[in-house]
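Open your viewer and get ready to click along. We will go from the whole chain to its core and then to its aromatic rings.

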Amino acid sequence: MKRVIKLVVVLMVAVVAMACNQEKVGIDYLDVTPNNISGVWRMESYDNGVQLSEGSYYYIVFDRAERTFVTYDNLESMGLHKNSGRYDITTDMAAIIRGMYDYGQGYWEHDYYVRDLTQYRMVWVAVDDESIVTVYVRAELPEGWETEEE
């Protein structure tokens, strides 16, 4: 009888240990490609978790076919500021996105690792300073804003 109890206890411990070692179920990570990031994204947080102040916004719209982007924000002005440019994704060792603004405005301040891309969320980490972490979530532009360059 003691042997049976020991066997049952050992089996229960083994089952619990196996359950604890399983990976997270239900998170479908996507490859970082122009197709998978195409569309409208809203900045949810920056600098590793800082939320945008109330009334502030930053949207970025990626066009997969043309490899272009358009940003809409009010971070440095009272009203809507629109900017555009081209982006590129490389996936040699890690997925990295970089961009260049139109009209000679230069490159993005950083190149970014794109991590944890799902259908609804992605995390950008600056290549040159991994303390700079920005989270984007899928969104729709507010009514009346254009999704294409004018």
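Helices (H or I, at least four residues) and strands (E, at least two) are DSSP runs, numbered from the N terminus. With cartoon view on, you will find 2 helices and 9 strands in the protein. Along the sequence they follow the pattern α-α-β-β-β-β-β-β-β-β-β.

A word on what you are looking at: this is a predicted model, in which local features need pLDDT of at least 70 and side-chain atom pairs count only at pLDDT 80 or more, while totals for chains, interfaces and linings use all residues. Residues are numbered from 1 along each chain as its sequence is written, and side-chain values use heavy atoms, with hydrogens and water left out.

**Stop 1: the core**

Buried means under 20% relative accessible area, exposed over 50%, and partly exposed in between (1.4 Å probe, protein chains only). Buried residues make up 35% of the 150 residues here. A nonpolar core is a set of buried Ala, Val, Leu, Ile, Met, Phe, Trp, Tyr and Cys residues joined through side-chain atoms within 4.5 Å.

Select Ile 37, Ile 60, Phe 62, Ile 97, Trp 108, Met 122 and Trp 124: of the 22 residues in the largest nonpolar core, these touch the most other members. Now colour strands S1 (39–46), S3 (58–63), S5 (81–90), S7 (112–115) and S8 (121–126), each of which supplies at least two residues of this core. Apart from it lies another core of 7 residues, including Tyr 57, Val 61, Val 70 and Leu 141.

Zoom in on Ile 37. Which residues does Ile 37 touch, not counting residues up to four places away in sequence? Show Phe 62, Tyr 87, Ile 89, Ile 97, Leu 117, Met 122 and Arg 138 to see them; contact here means heavy atoms within 4.5 Å.

**Stop 2: the aromatic rings**

Rings of Phe, Tyr and Trp (its six-membered ring) pair if their centres lie within 6.5 Å; planes under 30 degrees apart count as stacked, over 60 as edge-to-face and the rest as tilted. The structure holds 10 such pairs.

Start with Tyr 58 and Tyr 136, whose centres are 6.5 Å apart with planes at 55 degrees, so the pair is tilted. Tyr 58 lies in strand S3 and Tyr 136 in strand S9 (residues 133–138), so this pair ties together parts that are 78 residues apart in sequence.

Trp 124 is buried, with a relative accessible area of 3%, and Tyr 136 counts as buried at 4%.

Finish by selecting Tyr 58, Phe 62, Phe 69, Tyr 87, Tyr 101, Trp 108, Tyr 112, Trp 124 and Tyr 136, which form one aromatic cluster.
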